[in-house]
Amino acid sequence: QVQLVESGGGLVQAGGSLRLSCAAYGSIFSINVMGWYRQAPGKQRESVASITSGGRTNYADSVKGRFTISRDNAKNTVYLQMNSLKPEDTALYYCNADVRRTWTDQWYDYWGQGTQVTVSS
């Protein structure tokens, strides 16, 4: 079994910064893409940023220039540095990872439990 554990959420004023972390634990052979999603009340879950095992990144237009995604492959951990936060960034942030548990396994999609980010105006 694989578990994603997120940390780093909280309450911050507009213009402030937060850093989210997500570590993958369990039976892991390889992780392909890791990413962050968010869901605000009454809205659909949306992709925020993603990063491949080779370091290629992708960002939602709404966070480009403010958020930076990175990962430590040795620690199976992905980070999201969030700067210049805005009230509209308020949401529950979820970590996601494509994991292969053995070299013969297929890729499975795993999700964390979510960490709340609240930005006050």
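Predicted model: local features only at pLDDT ≥ 70, side-chain atom pairs only at ≥ 80, totals over all residues.
**View 1. The disulfide between Cys22 and Cys95.** The structure holds one disulfide. Cys22 and Cys95 form this bond, with their sulfur atoms 2.1 Å apart. Cys22 belongs to strand E3 (residues 18–26) and Cys95 to strand E9 (residues 91–100), so the bond ties together parts that are 73 residues apart in sequence. The torsion about the S-S bond is about -80 degrees, which means that the disulfide is left-handed. Cys22 has 0% relative accessibility and counts as buried. Cys95 is also buried, at 0% relative accessibility.

**View 2. The largest nonpolar core.** In soluble globular proteins, nonpolar side chains tend to be buried together. The largest nonpolar core here has 30 residues, and those that touch the most other members are Trp36, Val48, Phe67, Val78, Leu80, Met82 and Tyr93. Several strands supply at least two residues each, among them E1 (2–7), E4 (30–39), E5 (46–51) and E8 (77–82). E9 gives the largest share, five residues. Leaving aside neighbours within four places in sequence, Leu80 is in contact with residues including Leu18, Leu20, Trp36, Val48, Phe67, Ile69 and Tyr93.

**View 3. Arg71, a buried charged residue without a salt bridge.** Arg71 is located in strand E7 (residues 67–72). Arg71 is buried but has no salt bridge, and the nearest side chain of opposite charge, that of Asp72, is 8.2 Å away. The side chain of Arg71 instead reaches two backbone oxygens: that of Asn32 at 2.6 Å and that of Ile31 at 3.3 Å. Not counting residues up to four places away in sequence, Arg71 touches Ile31 and Asn32 as well as others, including Met34, Ile51, Ser53 and Tyr79.

View 4. The model has five salt bridges. Arg38 forms one with Glu46, where the closest N and O atoms are 2.7 Å apart. Arg38 is buried, with a relative accessible area of 6%, whereas Glu46 is partly exposed at 36%. Arg38 also meets Asp89 in a salt bridge, 3.0 Å from N to O. Arg38 lies in strand E4 and Asp89 in the loop between E8 and E9, so this pair ties together parts that are 51 residues apart in sequence. Asp89 is buried, at 1% relative accessibility. The side chains of Asp105 and Arg101 meet in another salt bridge, with an N to O distance of 3.0 Å. Asp105 counts as buried at 18% relative accessibility, and Arg101 is partly exposed at 27%. Shared partners join Arg38, Glu46, Arg66 and Asp89 into one network of salt bridges.

Technical notes
Residues numbered from 1 in each chain as written. Heavy atoms only, no water. Helix = DSSP H or I, 4+ residues; strand = E, 2+ residues; numbered from the N terminus. Buried < 20%, exposed > 50% of the residue type's maximum accessible area, 1.4 Å probe, protein only. Lys, Arg positive; Asp, Glu negative; His and termini not counted. Salt bridge = Lys/Arg side-chain N within 4 Å of Asp/Glu carboxyl O. Polar contact = N/O pair within 3.5 Å; in protein donor to acceptor, adjacent residues only side chain to side chain. Contact = heavy atoms within 4.5 Å. Disulfide = S-S within 2.5 Å. Core = buried A, V, L, I, M, F, W, Y, C linked by side-chain atoms within 4.5 Å.
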